[in-house]
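Subject: Handing over the structure

Hi,

Here is the structure I promised to pass on to you. Have a look at it first, and then read on for what I found in it.

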Amino acid sequence: MRGGPGDAERRQRWGRLFEELDRNKDGRVDVHELRQGLARLGGGDPNRDTQQGSSPEGDTDPHGGLDLEEFSRYLQERERRLLLLFHSLDRNQDGHIDVSEIQQSFRALGISISLEQAEKILHSMDRDGTMTIDWQEWRDHFLLHSLENVEDVVYFWKHSTVLDIGECLTVPDEFSEQEKLSGMWWKQLVAGAVAGAVSRTGTAPLDRLKVFMQVHASKTNKLNILGGLKNMIREGGMHSLWRGNGINVLKIAPESAIKFMAYEQIKRAIRGQQESLHVQERFVAGSLAGATAQTIIYPMEVLKTRLTLRRTGQYKGLLDCAWQILEREGPRAFYRGYLPNVLGIIPYAGIDLAVYETLKNRWLQQYSHDSADPGILVLLACGTVSSTCGQIASYPLALVRTRMQAQASIEGAPQLSMLGLFRHILSQDGVWGLYRGIAPNFMKVIPAVSISYVVYENMKQALGVTSRTTSRHI
């Protein structure tokens, strides 16, 4: 193998690795021992590697594990592929990968990373402190991982979080080619949808209280959190706290699917002859995909608001609500508030992404000295803060949207346009009037994030999804 050590030394090294992995000393390395070895030696994603081909073609008994000879043949092939990949990243062919070459490799895939981020990635592999990665360091770091190309390397360092706070302004996730070919993308969408459904159901009372306060709270009707909950329970009992949750859950699946399909088509149109997209182009594609999904499922948003605010006995169900709106107000009623809703996508998604990346990078620079991986708790914290900042920026538009969706069903309420409603709220309640209901909205963020993450992790295991969290990076 060009650039590698002698054959005898290699076999000794493979033998030592085999003995280290063979924890029960039965002369074979099984899948469980390989996963444990991946966690100890590589610190990466054992589920992804064992599911995507960390088993040699010469393995005659995959369920019984690998003997030393099979293991050696497998490592020989792995080292050959890793050497080719190493040379593809070593742009100047000097036998070392430096910070600039790491940045170039990411940039070639349309992902811009800072010098500090590239240094963190390099530190995670640089064992001799030279600030470069030689072949031995590269080989030892990735030997047990099924990396085949530069995209796989980027995937290895890419992290994101699953956050479903019941809002509809998020941009879609991006799946790798490997995930698309293997069918893993739809399992991730299903896992995310189930996590979102459980999360929204768990925080539905706070979501209904938010909508209630957005529409009914004012200077003359000083509706607080406790008073609002008491009023809803008094009017319809405890189960009334979940009004509107059914359709809120029902719209998760079509919205996710439409976003995914629209995102892929828009990316293809923007890319043209380019090999990859830059971050700004992906943001544009993601925002357009989110707007496309909202345009198609928006009638469900109107129905959700009406069902959330309904009085006991007002509607027999979802279809009865839709029929009454159509009969009394016409088809245009299903798109009331559409403009402020779409306008809210840009500030929400832009601020959410910018704050998330800023917080994550700041944490890495100050507290992470040896790893490019901030850890899931840090990512969840960054995601929670960034989502909250995005909500603060877009909340006035969300409130106006909800008011426009509901105003036709409220007796004596003025039928105003978006700008007219802004002026009316400011004249009646001042700037604070644009933030009615934001307290229960903040209260639901942490439980929503926690529930969706726990459920998502369990759904991944149940569906056999590789360890990759979703809906943060675009």
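To start with the overall picture: the chain has 22 helices and 2 strands. Please keep in mind that this is a predicted model. Of the 474 residues in the chain, 52% are buried. Among the contacts with a separation of 6 or more, 72% are between residues 24 or more positions apart.

In soluble globular proteins, nonpolar side chains tend to be buried together. In this model, the largest nonpolar core has 16 residues, and Ile97, Ile102, Ile133, Trp135 and Trp138 have the most contacts inside it. The largest share, 5 residues, comes from α4.

Beyond its neighbours within four places in sequence, Ile97 is in contact with Phe86, Leu89, Asp90, Ile102, Leu122, Thr132, Ile133 and Trp138. Another core lies apart from this one; it has 13 residues, including Ile258, Ile297, Tyr315 and Ala333.

The structure holds 5 aromatic pairs. One of them joins Tyr335 and Tyr338, with 5.8 Å from centre to centre and 70° between the planes, an edge-to-face arrangement. Tyr335 is partly exposed, at 37% relative accessible area, and Tyr338 is partly exposed as well, at 26%.

Another pair is Tyr395 with Tyr435: the ring centres are 5.9 Å apart and the planes are at 10°, so this pair counts as stacked. It links distant parts of the chain, since Tyr395 sits in helix α19 (residues 376-406) and Tyr435 in the loop between α20 (418-429) and α21 (438-443), 40 residues apart. Tyr395 is buried, with a relative accessibility of 3%.

Tyr298 lies in helix α15 (residues 279-309) and counts as buried because its relative accessibility is 0%, where buried means under 20%. Tyr298 and Tyr335 are 37 residues apart in sequence, yet their C-alpha atoms are 6.6 Å apart in space.

The surroundings of Tyr298 are worth a look. Leaving out neighbours within four places in sequence, Tyr298 is in contact with Phe334, Tyr335, Arg336, Gly337, Tyr338, Asn341, Arg401 and Gln405. Two of these partners come up again as polar neighbours. A polar atom of the Tyr298 side chain lies 3.0 Å from the backbone oxygen of Gly337, and the side chain of Tyr298 also makes a polar contact with the side chain of Gln405, at 2.8 Å.

One more ring to check is that of Tyr263: the charged end of Lys267 sits over it, 5.1 Å from the ring centre.

**A buried asparagine**

Asn248 lies in helix α13 (residues 245-250). Is Asn248 buried or exposed? Asn248 is buried, at 4% relative accessible area. Its side chain makes a polar contact with the side chain of Lys251, at 3.3 Å. Not counting residues up to four places away in sequence, Asn248 touches Arg200, Asp207 and Lys304.

Helix α1 (residues 7-21) has 15 residues and spans 21 Å from its first C-alpha to its last, close to the 21 Å expected at 1.5 Å a residue. Its buried residues are Arg10, Arg13, Trp14, Gly15, Leu17, Phe18 and Leu21.

Helix α22 (residues 445-463) has 19 residues and reaches 26 Å between its first and last C-alpha, close to the 27 Å expected at 1.5 Å a residue. The buried residues of α22 are Val445, Ala448, Val449, Ser452, Tyr453, Val455, Tyr456, Met459 and Lys460. What covers them includes α10 (184-202), α19 and α21. Just after α22, Gly464 takes a positive phi of about 75°.

That is what I have for now.

Best wishes

Methods:
Residues numbered from 1 in each chain as written. Predicted model: local features only at pLDDT ≥ 70, side-chain atom pairs only at ≥ 80, totals over all residues. Heavy atoms only, no water. Phe/Tyr/Trp six-rings, centres within 6.5 Å; stacked < 30°, edge-to-face > 60°. Buried < 20%, exposed > 50% of the residue type's maximum accessible area, 1.4 Å probe, protein only. Helix = DSSP H or I, 4+ residues; strand = E, 2+ residues; numbered from the N terminus. Lys NZ or Arg CZ within 6 Å of the ring centre and 35° of its normal. Contact = heavy atoms within 4.5 Å. Polar contact = N/O pair within 3.5 Å; in protein donor to acceptor, adjacent residues only side chain to side chain. Expected span 1.5 Å × (residues − 1). Core = buried A, V, L, I, M, F, W, Y, C linked by side-chain atoms within 4.5 Å.
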